[in-house]
Amino acid sequence: MKYVILSPYGIRTGGPEACYQLSDSLIRQGFEAEVWLVSAGDVDAFRDALKKKIRFAGNSLQIPERLNNVDEYQNYQAKPFKSYAPGDDVMFIMPEVYMWMMPLLLGCKVMVWWLSVDNAFRAMADINLNMLRTPLVKHAVQSDYARAFTASLGLKSTFLTDYTVISPQPTPALQDRPLKVSVNAGKKVIFDLNVLSALLKELNPAIEIVKIAGLSRDEVYDAFSTSRVFIDLGNFPGKDRMAREALLLGANIIVGNAGAGHYEVDYPLPELYRPPIFDLGAVARLTAQMVQDPLTHAAQFKSARQIFGNEKETFDKEVIHTFSG
């Protein structure tokens with residue numbers, strides 16, 4: 001069987017990188033895999049095909065050869081998907097954002113890969129959910145949050161996570177770092193950063209706050225490797241990478257108790273470090289303590305660092321378990 005992994009063309013985020021990691025793992029372990037880089041033109045064509053009630057299962061499909069154009073993915077093995085013909089033994093692996101395509105794939109083998117829960121709702125609204133329950137459709141989940149959600153829909157799933165890649169670089173010892181706190185300030189972070197910053201400055205005026213938004217990957221890694229604490233109070237639609245990256249680069253972390261952040265399987269941290277996202281006073285007090293006494297808190301992250309450091313090996317085992325059955 002050939003596995004065709006759908007991924008947005010030219011997008012650099014955690015989801016597409018996970019798609020390349022899956023391609024790489026499948027090929028390294030002897031499976032036949034190709035990546036379908038889905039363009040805006042593809043989306044328009046398939047929206048039109050939906051209106052005409054066309055199905056892949058009874059039609060041939062030709063895709064212009066598209067090669068990876070994201071530098072960070074160059075080290076992953078990937079072959080471009082170019083064609084499909086009726087009768088080909090293919091399983092299409094689609095991130096949940098492409099579930100709106102399900103009517104096109106009736107009669108085909110499909111695996112929905114739930115890389116995100118929150119990003120699935122719009123796609124789910126466009127289909128009959130029973131399409132997700134047909135015998136030809138399988139489900140894999142990147143997070144325990146996604147496992148719980150798919151279980152609520154009556155769907156059986158298998159874990160297919162991803163792994164964190166860190167460029168080798170020297171990282172100062174935690175106690176030697178400046179009193180720096182890096183904070184996820186992306187568009188989907190739902191708290192008031194100005195309030196949190198003011199609370200931190202009241203507790204310790206010497207704290208330097210670095211906003212992680214709009215930075216290159218190298219700049220983000222530099223911030224993590226020189227911070228004592230990283231705070232992420234986002235909505236965690238899946239097991240997001242930044243907190244894992246920060247931990248592997250030596251920072252202690254605070255993960256908001258929302259989405260995947262609520263699940264200890266996804267972020268194996270003591271509950272203290274997964275506080276309610278709206279209790280900014282508690283977050284600020286905890287952060288100030290962690291900045292002041294970093295080594296005491298670092299001992300609480302030893303297990304999580306080991307788990308995150310072994311993610312690639314774990315992922316390869318999940319791939320074998322998922323696709324060898």
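A salt bridge is taken here as a side-chain nitrogen of Lys or Arg within 4 Å of a carboxyl oxygen of Asp or Glu. By this criterion the structure, a predicted model, holds 14 salt bridges. One of these joins Arg217 to Glu17, with 2.7 Å between the closest N and O atoms. Because Arg217 belongs to helix H6 (residues 217–225) and Glu17 to helix H1 (residues 14–28), the pair ties together parts that are 200 residues apart in sequence. Both partners are buried: Arg217 has a relative accessibility of 19%, and Glu17 has a relative accessible area of 3%.

The overall architecture comprises 11 helices and 12 strands. The radius of gyration is 21 Å, close to the 20 Å that the globule rule gives for 325 residues, so the protein is as compact as a globular protein of that length. Along the principal axes, the C-alpha atoms fill a box of roughly 65 × 35 × 35 Å. Of the 325 residues, 52% count as buried. Among contacts between residues at least 6 apart in sequence, 71% join residues at least 24 apart.

A further salt bridge connects Arg244 with Glu311, the closest N and O atoms being 2.9 Å apart. Arg244 lies in helix H7 and Glu311 in helix H11 (residues 311–323), so this pair ties together parts that are 67 residues apart in sequence. Arg244 is buried at 0% relative accessibility, and Glu311 is likewise buried, with a relative accessible area of 5%. These two residues belong to a network of salt bridges that also links Asp162 and Arg241. Glu313 is partly exposed at 47% relative accessibility, whereas Lys317 is exposed, with a relative accessible area of 54%.

Asp162 is also approached by Gln142, through a polar contact between the two side chains (3.3 Å). Gln142 is located in the loop between strand E7 (137–141) and helix H4 (144–152), and it counts as buried because its relative accessibility is 3%. The side chain of Gln142 additionally reaches the backbone nitrogen of Lys239 at 2.8 Å. Beyond its neighbours within four places in sequence, Gln142 contacts residues including Trp113, Trp114, Leu160, Gly238 and Arg244.

Helix H7 (residues 241–248) also contains Glu245. Glu245 is buried yet has no salt bridge, and the nearest side chain of opposite charge, Arg217, is 5.2 Å away. Its side chain instead makes a polar contact with that of Tyr221 (3.4 Å). Thr164, Ile166 and Phe224 are among the other residues that Glu245 touches, sequence neighbours up to four places away not being counted.

Helix H5 (residues 193–203) has Leu193, Leu196, Ser197 and Leu200 buried. These residues cover an arc of only 100° around the axis and therefore lie on the same side of H5. Asn194 and Glu202, on the other side of H5, are exposed. The elements that cover the buried residues of H5 include strands E9 (180–184), E10 (208–212) and E11 (229–232), together with helix H8 (280–292). In the loop between E9 and H5 lies Ala185, which is partly exposed at 26% relative accessibility. Apart from residues up to four places away in sequence, Ala185 touches Leu193, Lys211, Ile212 and Ala213.

Technical notes:
Residues are numbered from 1 along each chain as its sequence is written. This is a predicted model: local features need pLDDT of at least 70, side-chain atom pairs count only at pLDDT 80 or more; totals for chains, interfaces and linings use all residues. Side-chain values use heavy atoms; hydrogens and water are left out. Helices (H or I, at least four residues) and strands (E, at least two) are DSSP runs, numbered from the N terminus. Buried means under 20% relative accessible area, exposed over 50%, partly exposed in between (1.4 Å probe, protein chains only). Lys and Arg count as positive and Asp and Glu as negative; His and the chain ends are not counted. A polar contact is a pair of N or O atoms within 3.5 Å; within protein, one must be able to donate a hydrogen and the other to accept it, and residues adjacent in sequence count only if both atoms are side-chain atoms. Contact means heavy atoms within 4.5 Å. The arc is that of the directions from the helix axis to the C-beta atoms. The radius of gyration is taken over C-alpha atoms; the globule rule is 2.2 Å times the number of residues to the power 0.38.
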